[in-house]
Amino acid sequence: MIAEFGRQVRAEWTKLRTVPGWVFALLVAAVAVIGLGLAPGMSGSCGTRGPGSECKPPIGPGGEMVSDGLYLVAQPLAGDGSITVRVATLTGAIAGEHGKRPGLVPWAKAGLIMKASTTPGSAYAAVMLTGSHGVRMQSDFTGDIAGPSDSPPRWLRLTRNGDRVTGASSADGTTWITIGTVRVAGLPSTAQAGLFVASPDYTATAGGPFGLSGVESGPAQATATFDHLARQGQWTASEWTGTRIGGPGNGGPFEHQDYQRSGDTFTVSGSGDIAPLVTGAAGLGVSITQTLVGTFLGLVAIVVVGALFVTGEYRRGLIRTTIAARPRRGLVLAAKATVVGAVSFVVGVVASAVVLAFGVGVLRSHGVYVLPAGTGIELRLVVGTGLLLALSAILALAVGAILRRSSAAVAGVIVLVTLPYLLAVSVLPLGAAQWVLRFSPAAAFAIQQSATQWAQVDNVYAPAEGYFPLPPAAGLGVLVAWTAGALALATVLLRRRDA
Amino acid sequence: MNALRSEWTKLSTSPGTIWMLLGIVALTAGLSAASAATAGCPAVDGCAVDPARTGLIGVQLGQAVVVVLGALLLGGEYGTGMIAVSLAATPRRTSLLLAKAANLTALVAVSGALGVLGSYWFSRLLLPGRGYHLGALTEPMMLRAVGGSVLYLVLVSLLGLGLAATVREPAAAIGIALGLLYVFPIVTSVVSAKHWKRHLEQIQPMGAGLNIQATVNLHGLVLSPWAGLGVLAAWAFGALIVGWLLLIGRDA
């Protein structure tokens, strides 16, 4: 049985490699993926305006790229200690196309922070009141613990004990609720402790006719008033120092950030976000996924080969010879699927590996900031692109065996795989787009997602920006299910029908 | 004239034709109805979405069947060897191609009109309930969107015919046509360099051609509605001319 299958696979491999048109189409697929991946379709301003214009986001304690923009009013705190304050008010302004208008973004932050230094990217722990996500305890850019969902006025307290920092909140200053305790390994013995205010850019989908142009975003600023400030521990300085860390680029509408003190009341204005860096509307640059757009074009060529690999036999009558030679029809289909799947997998892996090796360099040389992804993610993208092409080829093969017509199989599979994605990134509203990308074979493109979706960062997490509703493996699983279903039906029909 | 009649006989007696024509009508009207029934207004400050595009979106699905119909009309004959018989009966190859194009135009015009009018009827019924206003057919812009969508489908079918005459393998012709229609806009969507993006949007057959459906924000289009349809016509007739030159220039 196994030997027979091996012979069958070899026979099918001989058929595939001796049809010049199919070999040509497979080469076209590889060239399409590589060519579109290396074509400089983008340009940016990073590094193109002389020294100093390079985009170098700070690196957080975990090694990831972060944004670290806030206004800090702090003093050095030596060793253990605590700081308590009441956030009296929290308001904000956003800058749109028609100038500034009042508005507080959901992740605007105002509260207490203990930070290693004023260097962007340094370790920290903070407890804060947010625009519309209640009280939060956050640390080292990626940590986020939810507290009570309250609005100002609200009391906050941050307590340091060694490398552990505890955040607590209170409605009246007497009954305290602990939100959480985090370990901040990067906190030196003397840390900067005090008040901070930050406000990430606002993002909104304007519902335009096309996904991408429908995204609206712009800088925002938050202003908080603090009072009832109390400290415990060894505070070495007597005066508070206001420092602007990072934040939006020079010349932005919220260039002026400051703090004022009148008696016991501090008024602090800040802009920027203290969070992991994202790509797209609320972030910087693109993810490496964008270099793999040629997969769509390569897929079309692969689908044509996959369908013709079986329908061609029906047209020429070769199928009768094939079945006469190998009467086990299920094995015939399995061998064909193995051969066309393996070849497509190799095409996808080789082409995407070339793109990832060189495409990022091309983008960077054109001034586009490309968010680095770990080796594990790059490996997933390469293997995933191979699997995507292999599964599409087998799906086309199965549909071809069901319909026995190459034209209908080619059109059907291309429509099933590309049209849902196209509609999702162009005309469909976000809800419908995500629904489509959960159930159609196009869900499998999730395997190519390289950007991370963070709950504590507001961004347009839409398919058009490279964010898929399903996790990578689950998305690919949807295509596996479609392919397995089609293959099962094809096997049943091949056995029952006369050839 | 005889070529026209013999082509009509072939088309009308081939069992797949009627299914494809029904498919064009059903898929076009079906997707449009689904879109109209689920359309929403995500923006706080009013809908920026074009109701005509939303209501006629099914054209983007129906065109796949139109491509298959156009590609099989000639490409299918190469697969079965029928092409030799056709050319023996109609030795003037130009007449053969013209007869096929004329029959195809007539069939797609009728089925496309049914699909597009069905889309319009569903949208007119469903969109007002979703907060949109869809104009009456007597309004010039609405008439242009509906009539233009039918012309769009006819041009797409001619693109399929021209590509089939060029590559002689219907599956490859369908792959190329659908790649042009569906993948071109996907590739364009990741291009961020503004002038490149604009040029690509102006030359892609589907994106430019569907400008004919625009009824709002006309000055924001990369091409005017009729110029956009002209781009698709250039693709379709370009493919037809290349196919025609190859058809008269090489053995079948």
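Two residues are in contact here if their C-beta atoms, placed from the backbone, lie within 7 Å.

Before going on, some housekeeping. This is a predicted model, where local features need pLDDT of at least 70 and side-chain atom pairs count only at pLDDT 80 or more, while totals for chains, interfaces and linings use all residues. Residues are numbered from 1 along each chain as its sequence is written, and chains are lettered from A and ligands numbered from 1 in the order in which they are written.

Okay, chain B as a whole. What is it built from, helices or strands? Chain B has 11 helices and 0 strands, and by helices I mean DSSP runs of H or I with at least four residues, by strands runs of E with at least two, numbered from the N terminus. Going along the sequence, the pattern is α-α-α-α-α-α-α-α-α-α-α. Its radius of gyration is 19 Å, close to the 18 Å from the globule rule for 252 residues, so chain B is as compact as a globular protein of that length. That radius is taken over C-alpha atoms, and the rule is 2.2 Å times the number of residues to the power 0.38. The C-alpha atoms of chain B fill a box of roughly 65 × 40 × 25 Å along the principal axes. And 56% of the 252 residues in chain B are buried. A residue is buried if 20 or more other C-beta atoms lie within 10 Å of its own, exposed if 12 or fewer, and partly exposed in between, with C-beta atoms placed from the backbone.

Now look at two helices in chain B. Helix α7 covers residues 140–167 and helix α11 covers residues 225–249; their axes come within 7 Å and cross at roughly 20 degrees. Axes are lines fitted to C-alpha atoms, for helices over the stretch in contact, and angles run from 0 to 180 degrees between N-to-C directions. So α7(B) and α11(B) are roughly parallel to each other. On the wording: under 35 degrees is roughly parallel, over 145 roughly antiparallel, 65 to 115 roughly perpendicular, and the rest oblique. The crossing of α7(B) with α11(B) is left-handed, meaning the near helix is turned anticlockwise from the far one by less than a right angle; clockwise would be right-handed. Who makes up that contact? The residues between α7(B) and α11(B) split into 20 nonpolar, 4 polar and 1 charged. Nonpolar here is Ala, Val, Leu, Ile, Met, Phe, Trp, Tyr, Cys and Pro, charged is Asp, Glu, Lys and Arg, and the others, Gly among them, are polar.

Is Val231(B) buried or exposed? Buried, because it has 21 C-beta neighbours inside 10 Å. Leaving out neighbours within four places in sequence, Val231(B) is in contact with residues including Gln202(B), Ile203(B) and Leu223(B). Take Ile203(B): 28 residues from Val231(B) in sequence, and 6.4 Å away in space, C-alpha to C-alpha.

Another valine, Val66(B), belongs to helix α4, residues 59–80 of chain B. It is buried too, with 33 other C-beta atoms within 10 Å. Not counting residues up to four places away in sequence, Val66(B) touches Ile24(B), Val108(B), Leu153(B), Val156(B), Ser157(B) and Gly160(B).

Over to chain A. Here we have 9 helices and 20 strands. The C-alpha trace of chain A spans about 95 × 45 × 40 Å along its principal axes, and 55% of its 499 residues are buried.

One helix pair here: α5 (residues 329–365) and α9 (residues 472–496) of chain A have axes that come within 9 Å and cross at roughly 140 degrees. That makes α5(A) oblique to α9(A), and their crossing is right-handed.

Asp140(A) has phi near 45 degrees, positive in a residue other than glycine. It sits in the loop between β6 (135–139) and β7 (143–146) of chain A, and Asp140(A) is buried, with 24 other C-beta atoms within 10 Å. His228(A) is not a glycine either, yet has a positive phi of about 55 degrees. His228(A) lies in strand β14, residues 220–235 of chain A, and counts as partly exposed, with 14 C-beta neighbours inside 10 Å.
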